[in-house]
Amino acid sequence: MIVVMKPDATPEQVQHVCEKVKELGLTPHVSKGVERTVIGIIGEEDKIRAKPLEVFPGVESVTPIQKPYKLASRHFKHEPTVIEMGNGATIGGKKVAVMAGPCSVEGRDMLINVAKEVHQAGALFLRGGAFKPRTSPYSFQGLGEEGLKLLREAADKEGMLVVTEVMDTRTVELVSRYADMLQIGARNMQNFDLLKEAGMSKKPVLLKRGLSATISELILSAEYLLAKGNFKVALCERGIRTFETATRNTIDINAIPVLKQETHLPVIVDPSHGTGKWEYVIPIARSAIAAGADGLMIEVHPNPEEALSDGPQSLIPKKFRRLMQEIRPIAEAVGRQV
Ligand code: PEP
Ligand code: MN
C-alpha cells in the first residue's frame, strides 16, 4: 500500500498515519521528497484496507499494491485449475469444454432431441434452465423441479453432464441433486448468500459475469466460492452492458486473457447471451477459442421461432454442428482439442 501525503501535510499528520499503521502490526516506510512525503506500507494489506486511510488528515491518496483476491489468484496457485467432472470430462484441460442446449427446459421430447443432437456434435455438457431469471415476472419462469428431472433424464440417456442455473439459496440442495454443475447467473453474480451456499456444496460451479461487473468484481465473487472450500469454479464471460445497441451485450474478449493471467480458474465464453443474435454466435465462438477460452456455452433450439426464451440467439442443431467444425482447427492452432 502506498500512501501519498498532501504537499502541505505536517510532520504530525505523517506521524499519525505511521502510528495507525504500526498499531495494526505493519511497518511504515517513510520517504520524504522535496514536495511531499510518501509512506510505503509492507505487510498484509487486508489489515490496512479495513482502515479508511484516505480520511486521515494530510493524506492525498492511498493505492493498494496487492490484489484484493487471494485464493483465486495466480499467485496463490500457479497451475491452472482443471475441474474433473467425473465421466472423463474436464473443464480447463486440453479439451475445450462445450456446454450446449436450450435456454429453458421446455419439455421432454424437445430436450431429449436437443441432447442427442448436441452430444453427437461433440458437446459433453447439456445446459438448460429450469429456474429462469426473467426480466419480466410475466415471462416463462421455467419448469422448476420437473425441468431438473428432464435434464437429468436427457443427459443420462446420452451420457452427458448437466449444467443448470440455481437462483436461490433455498434451492441449492434441490438443484445439486440433479445437476453436475451449478450455474450462478449474471444477475446473481453478487448474490453473496447464494455464493456462500454454493461454495459449501461439493458441486462444481459455473459463475457468470454480472451485466455491469468488472473483471475484478467477478474474481471477488469467485473468491466467495473458494473461501468456502469449493475450488471447482469456472468463470463465464457472457457479455457486459455497454453503450452499443447493435448487439444484446458486448462480449469482452479482453476478459479471457485477463482472467487467465489473474486467476488459475478455467474460463468459459457464452457468445449466445454475449451477442443476442444467432448470426454472431459462431464468429464470436471462434474468437473466444482463439483468445484462449477453456470452453463455450451455446444455446441450441430445434425451432427458435417457438422458443419460450432467447429464440433470437439460439442456434438450430445444424448450425451448432457447423460451430463445432469451425472451432476445431482454431482449437488445434492454439494447442487445444475439440
Ligand atoms: C442462461 O445461461 O440461461 C442465462 C440466463 O444467462 P445469464 O445469467 O448470463 O444471463
Ligand atoms: Mn438464455
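Residues are numbered from 1 along each chain as its sequence is written, and chains are lettered from A and ligands numbered from 1 in the order in which they are written. In this predicted model, local features need pLDDT of at least 70, side-chain atom pairs count only at pLDDT 80 or more, and totals for chains, interfaces and linings use all residues; side-chain values use heavy atoms, with hydrogens and water left out.

**Exercise 1.** Determine which residues coordinate the manganese ion (ligand 2).

*Solution.* Step 1: donors are N, O and S atoms within 2.8 Å of the metal (3.2 Å for Na, K and Ca); water is not among the atoms, so sites may look incomplete. Step 2: the donors found are Cys-103 (SG), His-273 (NE2), Glu-299 (OE) and Asp-310 (OD), at 2.0 to 2.3 Å. Step 3: their spacing in sequence is C-x169-H-x25-E-x10-D.

**Exercise 2.** State whether His-273 and Glu-299 are buried or exposed.

*Solution.* Step 1: buried means under 20% relative accessible area, exposed over 50%, and partly exposed in between (1.4 Å probe, protein chains only). Step 2: His-273 has 8% and is buried. Step 3: Glu-299, at 0%, is buried.

**Exercise 3.** Identify polar contacts of ligand 1 with Arg-127, Gln-183 and Ala-186.

*Solution.* Step 1: a polar contact is a pair of N or O atoms within 3.5 Å; within protein, one must be able to donate a hydrogen and the other to accept it, and residues adjacent in sequence count only if both atoms are side-chain atoms. Step 2: a side-chain N or O atom of Arg-127 is 2.7 Å from a ligand 1 oxygen. Step 3: for a polar side-chain atom of Gln-183, the distance to an oxygen of ligand 1 is 2.9 Å. Step 4: Ala-186 contributes a polar backbone atom, 2.8 Å from an oxygen of ligand 1.
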